[in-house]
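Here's a short tour of a protein model, written for someone just starting out. Keep the sequence and the 3D view open while you read.

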Amino acid sequence: MAGLVRRHGMWVAAFAVMLVLPWIFQTGFAITMLNQIGVLIVFSLAYNMLLGQGGMLSFGHALYFGIAGYFTAHFLNGVGEDWLPYFPVTLLPIFGGLIGLFFGIGIGFVSTRRAGTVFAMISLGFAEMATALTLILVVFFNGEEGIQTDRMVGPEPLGITFGPDIHVYYLISFWCLVATAAMYVLTRTPFGRMSNAVRDNPERVEFVGYSTHRIRWLAFALSSFFAGLAGALHALNFEHVGFETIGLEQSGLALFMVWIGGARNFVGPILGAILITYLNSNLSDITDAWYLYLGILFMVIVMFTQGGLSGLVFMHEPIWKTDYRLFGRMMAPYALGIGSTIIAAIGVIGMFEMIYFLSTRVTEETIAVLYWMEVDAASALPWIACAAITAPGVAACRRTYPPMANSYNEAIAAVKGRMAP
Amino acid sequence: MKTPAVELRGVWKNFGNTEIIRGIDLAIEKDTIHAMIGPNGAGKSTIYNLITGRYHVDRGQILLNGEEITNQTPHEINRKGISRSFQVTNIFHRMSVFENIRCGMLWHRNYKYSFWNFLGRQGELNRRTEEIMVRTGLASRRDVLAGMLSYSDQRALEIAITLASGADVIMLDEPTSGMSHGETEQTVELIRKVARDKTLVIVEHDMGVVFDLAHTISVLVYGEIIACDVPQRIRGDRAVQEAYLGTEVA
Ligand SMILES: Nc1ncnc2c1ncn2[C@@H]1O[C@H](COP(=O)(O)OP(=O)(O)OP(=O)(O)O)[C@@H](O)[C@H]1O
Ligand SMILES: [Mg+2]
């Protein structure tokens, strides 16, 4: 037991967290969100098998997510209506995975012949085709309405009915953990390493005996398996699969989660899935401009980080591995830099909120609620106030960023100095 | 006569309208070191690219141990036993030195596309990777990302990846370029050791290295082999001196 904890500490911890989370967040809202996070962690990790591990930018990976969702819904309905034999609901994610795998093998064979832009464009083409099909093949996709289903079918061993969301929570988190572990192990296999090699330098891969096409194809197929697994979980979670699960927006969501969390690190997509889903559930109720902020966050991360948020964390890895006391000198500059950013953001967000309020309101009302205060968006005062926060905030950013970067560089230099013999 | 390890029969290659390789006939005997020399742009790297499948030949045949390999894909040719290095460093930048070398070894230790073998547990594989790392002087850089290495370390890694396969035919394209004098000497020693039971082809501008290592030398000028012989006779060859060597090594 002690050995298990030592060797697989992270996994044991994840398992423990998974068990206790529903006791901490007991509301229905929280459980719904946790379920969605579980589904999207699997999906974004699957997506990152392509993007981060294999260097393939896909705009259409939701295809395998969505299609597996539809098949799962039909399967459940078939069992419910007794024209299909019973299959344990607990194992349905495997069924979804196999559906994803099936389509991934077929489509992947064609699309992975080339990498880069060609691959991206082909993925876009297939995504558009699939979206069009949802409206044409009405028998299967049922147009814009999608497919309704009921996960409470068949026997109920140990009283697990999958009626309450909490049952589904344990189903999803179990599969999330299994799929995450499986995808992690995959990165440590010959296939996983050669997939990285193809990402870094496809040409050389051919000269160490591997076919780049085969590796990409395999990566694509396996990734589609996990996307399909996530799709099945999605169907079980919502008991509904709509055409939006298959299309560009869902693929774009994966891209956002992975990029914001960081494609270069295994945990990046997990971080991204948690953060985006959390913000999406919470912010979308508070502000209509949520997508605008998501877009800005995405742009800032693409432009100013290497490897997203997890990249920002792990760029400090050499420091904590060498001597965490080096962080001492970085505290003040970091606090100042982050503080200035927050001040500037408060001002900018205030203005965005007022613009949004004024341009989307349906009545002549000009009183908006901004930062828990009622302000008259048609008067000059709140605008002046926001500007008065933004301007010094931005100025402070310009002053505090260089020292922040300096303190980082100094710490890294110190690390290098200690490593040199 | 024994079957040559590598044989070219009337090989031609054009880029656009320019004939770059113009009817090459060449046989490299098994378990020997063959050096290919010639002025810049003579077509040495192009010949490597033709043999290893990077470019298609326009006319002619290429044989490996008597078996035709003309215009097969690079990975097919590599699997049949030719491993090459590149003149312009061609490594996996975002992977560690150790991972780079192991990638060179995987196929040839029969792992293929395995997604069920946990790499950490492959003792023999990892031991051999470490061994190559030590032999190429990269042991102290084990976990450094390849893209972060100094230029000469990247050159060493280039060679290490090539050697990792354990192929019977090793083709090195200017392996010592960019290395210091000391590093060059180490590399030459390494090549000599590696070549003991292998066929080794080397393109090299450093004539000291060439005449030190090679059993046979071919001289390439404008896409044609103007001489192919043992080092002593290449040294004395009139045409070679005029075309290429000048008086430096005579
Ligand atoms: N892919 C290509 N397309 C067009 N021309 C090429 C290509 N590759 C090589 N060449 C041309 O073929 C000629 C021979 O090039 P190659 O690289 O084989 O010379 P080399 O003998 O290796 O020279 P160096 O000693 O400088 O490495 C050069 O004139 C080069 O410009
Ligand atoms: Mg060359």
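Glu124(B) has 36% relative accessibility, so it counts as partly exposed (buried means under 20% relative accessible area, exposed over 50%, and partly exposed in between, with a 1.4 Å probe and protein chains only). Helices here are DSSP runs of H or I with at least four residues, strands are runs of E with at least two, and both are numbered from the N terminus.

Now for a second pair: Arg142(B) and Glu130(B) form a salt bridge at 3.0 Å, N to O. Arg142(B) is in the loop between H4 and helix H5 (151-164) of chain B while Glu130(B) is in helix H4, so this pair ties together parts that are twelve residues apart in sequence. Arg142(B) is partly exposed at 28%, and Glu130(B) is partly exposed at 28%. There's also a network: salt bridges that share partners join Arg109(B), Glu124(B), Arg127(B), Arg128(B) and Glu131(B).

## How the model is read

This is a predicted model, where local features need pLDDT of at least 70, side-chain atom pairs count only at pLDDT 80 or more, and totals for chains, interfaces and linings use all residues. Residues are numbered from 1 along each chain as its sequence is written, chains are lettered from A and ligands numbered from 1 in the order in which they are written, and side-chain values use heavy atoms, with hydrogens and water left out.

## A salt bridge in chain A

Over all chains, the salt bridge count comes to 23. One of them is in chain A, where the side chains of Asp323(A) and Arg325(A) meet at 3.2 Å, N to O.

## Around ligand 1

Let's move to ligand 1. It is surrounded by 13 residues, and the closest are Asn40(B), Lys44(B), Ser45(B), Thr46(B) and Gln87(B) (a residue is near if one of its heavy atoms lies within 4 Å). Helix H1 of chain B (residues 44-51) gives the most to this shell, with three residues.

Backbone N or O atoms also come up to oxygen atoms of the ligand: one from Ala42(B) at 3.2 Å, one from Gly43(B) at 2.9 Å and one from Lys44(B) at 2.8 Å. On its own, ligand 1 has 630 Å² of accessible area, and the protein covers 63% of that (areas come from the Shrake-Rupley method with a 1.4 Å probe).

## The magnesium ion

Which protein atoms are donors of the magnesium ion (ligand 2)? They are OG of Ser45(B) and OE1 of Gln87(B), lying 1.9 to 2.0 Å from the ion. Donors are N, O and S atoms within 2.8 Å of the metal (3.2 Å for Na, K and Ca), and water is not among the atoms, so sites may look incomplete.

Technical notes: Polar contact = N/O pair within 3.5 Å; in protein donor to acceptor, adjacent residues only side chain to side chain. Salt bridge = Lys/Arg side-chain N within 4 Å of Asp/Glu carboxyl O.
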